[in-house]
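Trainee: I would like to go through the terms used for this model and see what each one rests on.

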Amino acid sequence: MKKTLVLLSLLLLLVACSGQQQSAQSVQQSKEPYQFGAVLPLTGTNSFYAEFAKYGIELAVEDVNKAGGINGRQLQIIYEDSGGDKAKATSAAQKLIDVDDVDALLTVTTPMGGAIAPVAEASKMPFIYESATNSFAVNKTYVFKDYPDATEMCSLLMKQVKKDGHEKVALIGTNAEFTLLCKQGAQSVAPLTSFETYTGGETDYRTQFVKIQNSGSTAILLSIFAGDCPHAYKQIRELGLNVTIYAPFQGLACGSGDNTKANPDLLKGAYGADVAVNEESTDPAFVDFKTRLVARGWTTQITGSAVTYDSIRELAKAYEGCDNKLCVTDHLRNLNDYQGVSGTIGYHGDQIVERAVNLRKFDGSKWVVVQS
Amino acid sequence: MSSIAAQLILNGIIAGAIYALVASGFSLIYSIGKFMHFAHGAVLAVGAYMMYTFAVVLHWNFYLSIILAVLASMCAGQLMNLTVYRPLRKRKASSAVLLIASISAMTFVNALILLAWGADVKSIPVTNPVFEVLGARITLVQVCIIGVSMILLACLWFLMKRTTLGKAMRAVADNKEVAQTVGINPEWIYSQTFLIGSFLAGVAGVLIGIEQNLYPQMGVQLAIKGFTGAIIGSLSSVPGSVLGSFILGLVENIGIWYLPSGYKDAIAFVLLFIFLLFKPSGLLGVKAREA
Amino acid sequence: MAFINYLIHLGILIGIYTILVVSLNFAVGFTGLLNLGHVGFFGIGAYVSALLAVSGVPLWLAILGGVIAAGIAGVILAIPTARLKGDYLALATLGFTFIMGSVARNWTDVTRGALGIPGIPRLAADNVVVLAIVGVLAVISCFIFRRVGQSRFGRACQALRDDELAAKMLGKNTFAHKIGAMGLSAAFAGLGGALFAHYITFIDPSIFGFGDLILLFSALIVGGLASVRGSWVGTVVLLLLPEPLRFIGFPSSVLGPAREMIFALLLLLILLYRPKGLFGEVDLS
């Protein structure tokens, strides 16, 4: 049908034109602001992760610009939606690289990290991804992993579990990479009595909890998506499970502000592990960060926002004094002992970050860092 | 050991009741309208989120909020019927096209919900005492869900078999052209069907929102489960779809007792496969599917 | 201008998805099999090819392996489902997709579960070459399905779609035709999957997701059932429609949902304009 073919060609023309316009603008503006591209799951099952990531990014951009920008130029962020889909994520990344000509890329969650990493490396684009998997950054020059280590967190927690005298321990988790890594970490310390999973998107874990109850476990490691913690707590309470909770990614997930406020009774004797952010810290820089975050109306994922905040500031710092992207990766790789709001950060010559992780105890109303 | 068995069965029944709440409306619309109204899940989500807005954000009376939320769902469903499906029906769209239109409508509404309420999980707090039944634990809300799904089923049966409207609806379902010659206006029947179906979605949304918390994607997840349960029983028979939903719930929960919990979404299908190998005409056979 | 790289990338995706949609069309549009298992075959092709390639098998042998594995899976799935009617066939095939997803997620020894398979060898180092490869394969696929559709086999399949009883009475072995159609359709889905895996170079169990199923069926129905031209046009429309939206500068707080809403509205408008699909020939009830 001629009509349809005309329609189709118009569509293609539209894409081409809008793209040309955009890239023409970018050429003009190459002396103007730095632009970082953020590919986030703004829609889809992981949209929860995008929201607090955005707040962290926005605050970071504000602070970078307030401090004079990068090399005297301001910083801007261009957001793209991945919808949690790998193909869409690569399209978003290609658009940011080829059309917007960004200076760096950032993404969260494993599928996006995995999909974008090859594109970033091939396009020689500095790229930070935040997910629990190391493999995408291995043997790369431009791809960096900036996220706390799930394996380390869970082995830290497991040691505490054993110290508290629990003989039978259960791990329940979303069937995702951080759970598998947490399992490895926990089992490196002691065997698990029960290991239950559910597919991301499910909300009913009652039978999994019944199985855990039946196994006689007295401690549970909760390695679940932040958005699923309310469901889990509700079901633990309704089933009358008598267990002590150990929460990896505590600040981000099951020990976050809202979840803690809603379930203090379930968290008696609970421990958490997370990147070394002390949410109760009185350090003025951190208090300022926290206040501004809360003022945006998002009070519950301070740690999560802190991690993305730091990633942006790391990239900005790496750009200082650089006029090409390879230089940026050198700076990033040699970043050691950088004090971010989410703790001490360092790459120590590697593509994979080392972030200090610590243990916290729930004292009845808040999480307190356990001094080792 | 028997209290564990009781708890498992109860888990299955609770899950099944939730799926049944979704499946009944979906199946009603399918049997009369002859297409899959996937956006039923979105209508459900609207009910849940409106309940949250009225009861939690605005602090209005709880029961008033329920009524308003259900009304909101009915409006949303009817709006979809009038603005999306009716124009397509007028243009003689195929049922496959109606399905894709339905999915687009669901995408639209889900995005709207995300925009309006945000991506975080919301909950509707209620006093929810826990009871012990045969060593298993069940909450008041869960009892309500099971009870309501049974009552609604009975009401629907009564509607379809004993009322004039029900007879007219079945006439349109059997043969639209013949029904027209007897003076029944199919479009009016479709309107009524959407109102009733969306009423069911609204009730489901309110109950499920209270029981399982609210998140923007809830409509999609529940639509898939409801669709599955409905087909297991019989897509064009409301009692069948309810039965199928309970079977789905039970099989899922009892199944992962014996198998690793990661296989939960697959177990029901494996069993279904095996079942369909021996009985390809489905659970209730051909006769019930005509009902 | 680097903009061309972006277009090349879109072209590659269009090529891969065209293969998926045109093969789906053969099962659904030509043969009337409401096959929701297509994503399962896509995933099998991707995983088998990826696993073979990562363990050292030469690239094109690995892809062939993926195609064969998917084709066999199609035949195996067709055997028990051939007797099923409409919705039950849909449900059983949907179940197949869910089961494959579950296996990918839980058989961690082989598939690495949620960690996925990274570092899959590329089709070619240069994206232009990849585009050429994928483009040629897409054109060949369309050509094959057009010829098969017009062949005796294809016409028998269409006959059985329209009236299975009549076809049987005319002596057609409807069972064999269904198996053939499914197997062929599945093999090409596997090809699409393998190409996808070797382009994105990372796959994980989310490849068996519902989202892709919706995309494929949307492209299929918007393009029009039982029309090869409809398949590739539908694919182009569905994949290109969201792209211009990227250039609309919404504030970040509404970016994602706003674009989704516009996309949904545009799709609805297309359906209102062409209620039988752009090149639709048949209606499936």
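Mentor: Start with a distance: the backbone nitrogen of C:Leu24 is 3.4 Å from a polar atom of the C:His38 side chain. The model is predicted, so local features need pLDDT of at least 70 and side-chain atom pairs pLDDT 80 or more, while totals for chains, interfaces and linings use all residues. Residues are numbered from 1 along each chain as written, chains are lettered from A in the order written, and side-chain values use heavy atoms, without hydrogens and water.

Trainee: What makes C:His38 buried?

Mentor: Buried means under 20% relative accessible area (1.4 Å probe, protein chains only). C:His38 has 0%, so the residue is called buried. C:His38 belongs to helix H2 (residues 38-54) of chain C. Beyond four places in sequence, its contacts (heavy atoms within 4.5 Å) include C:Leu20, C:Thr97 and C:Leu216.

Trainee: Why is the pair C:Arg105 and B:Asp265 called a salt bridge?

Mentor: The term requires a side-chain nitrogen of Lys or Arg within 4 Å of a carboxyl oxygen of Asp or Glu. Here the N to O distance is 3.9 Å, and the count between chain B and chain C is one salt bridge.

Trainee: How much area do chain B and chain C bury between them?

Mentor: About 3900 Å², 77% of it on carbon and sulfur atoms. Buried area is the accessible area (1.4 Å probe) that two parts lose on being put together, summed over both. In contact are 45 residues of chain B and 41 of chain C.

Notes: Helix = DSSP H or I, 4+ residues; strand = E, 2+ residues; numbered from the N terminus. Buried < 20%, exposed > 50% of the residue type's maximum accessible area, 1.4 Å probe, protein only. Polar contact = N/O pair within 3.5 Å; in protein donor to acceptor, adjacent residues only side chain to side chain.
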